[in-house]
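Biologist: Can you walk me through this one? I'm new to reading structures.

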Amino acid sequence: MFDIAEFIIRSAQMIKPEQVNKMVDVLTNFYYNNRNGKVLVMGAGRSGLVGRAFAMRLLHLGYNAYVLGETIVPAIGEKDIAIAISGSGRTKLILTAAEAAKEAKATLIVITSYADSPIAKIADVVVEVPGRTKYSQNEDYFARQILGITEPLAPLGTLFEDTTQIFLDGIVAELMLRLKKTEEDLRQVHANIEL
């Protein structure tokens, strides 16, 4: 846990404030100027689980938020936002969905570790979140440790997903401030019938 927490702290210091501000500005302006618009969050596998948690908080904040793959996802268009989460920026399912969102003229926000990835290249807003995504190029265990790549403790894309989860929780906190929402406001929208 300490190694993973240390990685997240180091990653937080590397995230570019101008990228974060652009994402928050887009979401804030959308809230005030397009309340009937839709936000579609997409991610595959564990990134998708992180996206689901973020979509739930967006819903609590008052956004019309949906998750790709659910049966109740409506069509999206030019006044909507799509948020794609892909550490590698190459996950085919998410890249295809992002391309479809762009064809529908939605604003595309991408969270990835690679600003030069195919999905980042088509994005309107890119936020680079560091994280080892699946495989290391370095086979030497000690070199990986020196570089801070803690594969045995965080397999596959875990560091990206953990860091993105914390990052998006921070985005929610910032949106609460900008939208003047309290915890009680969010609680009013929280599900009152749960499994």
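Modeller: We'll go from the overall layout to one helix, then the cores and the salt bridges. This is a predicted model, where local features need pLDDT of at least 70, side-chain atom pairs count only at pLDDT 80 or more, and totals for chains, interfaces and linings use all residues. Residues are numbered from 1 along each chain as its sequence is written, and side-chain values use heavy atoms, leaving out hydrogens and water.

Biologist: How many helices and strands are in the chain?

Modeller: The chain has eight helices and five strands. Helices (H or I, at least four residues) and strands (E, at least two) are DSSP runs, numbered from the N terminus. Along the sequence the pattern reads α-α-β-α-β-β-α-β-α-β-α-α-α.

Biologist: What share of the residues is buried?

Modeller: Of the 195 residues, 46% count as buried. Buried means under 20% relative accessible area, exposed over 50%, and partly exposed in between, with a 1.4 Å probe and protein chains only.

Biologist: Let's pick a helix. Which residues of helix 4 are buried?

Modeller: Ile 94, Leu 95, Ala 97, Ala 98 and Ala 101. Down the axis of helix 4, the buried residues fall within an arc of 165°, so they line one face. The arc is that of the directions from the helix axis to the C-beta atoms.

Biologist: And what sits on the face turned away from the buried side?

Modeller: That face of helix 4 carries the exposed residues Lys 92, Leu 93 and Glu 103.

Biologist: What do the buried ones pack against?

Modeller: The buried residues of helix 4 pack against strand 1 (38-43), strand 3 (81-85), strand 4 (107-112) and helix 5 (118-121). Contact means heavy atoms within 4.5 Å.

Biologist: What span should helix 4 have?

Modeller: Helix 4 has twelve residues, 92-103, so at 1.5 Å a residue it should span 16 Å. The expected span is 1.5 Å times one less than the number of residues. The end C-alpha atoms of helix 4 are 16 Å apart, which agrees.

Biologist: New topic. Which residues touch the most other members of the largest nonpolar core?

Modeller: Met 23, Leu 27, Tyr 63, Ile 83, Ile 111, Phe 167 and Ile 171, out of 33 residues in that core. A nonpolar core is a set of buried Ala, Val, Leu, Ile, Met, Phe, Trp, Tyr and Cys residues joined through side-chain atoms within 4.5 Å. Apart from it lies another core, of 17 residues, among them Ile 76, Ala 82, Ala 101 and Val 126.

Biologist: What is Ile 171 in contact with?

Modeller: Leaving aside neighbours within four places in sequence, Ile 171 is in contact with Val 20, Met 23, Val 24, Leu 27 and Phe 54.

Biologist: Now charges. How many salt bridges are there?

Modeller: The structure holds eleven. A salt bridge is a side-chain nitrogen of Lys or Arg within 4 Å of a carboxyl oxygen of Asp or Glu. One of them joins Arg 178 and Asp 25, at 2.5 Å, N to O. Arg 178 lies in helix 7 and Asp 25 in helix 2, so the pair ties together parts that are 153 residues apart in sequence.

Biologist: Which residues are joined into one network by shared partners?

Modeller: Asp 25, Glu 174 and Arg 178, through salt bridges that share partners.
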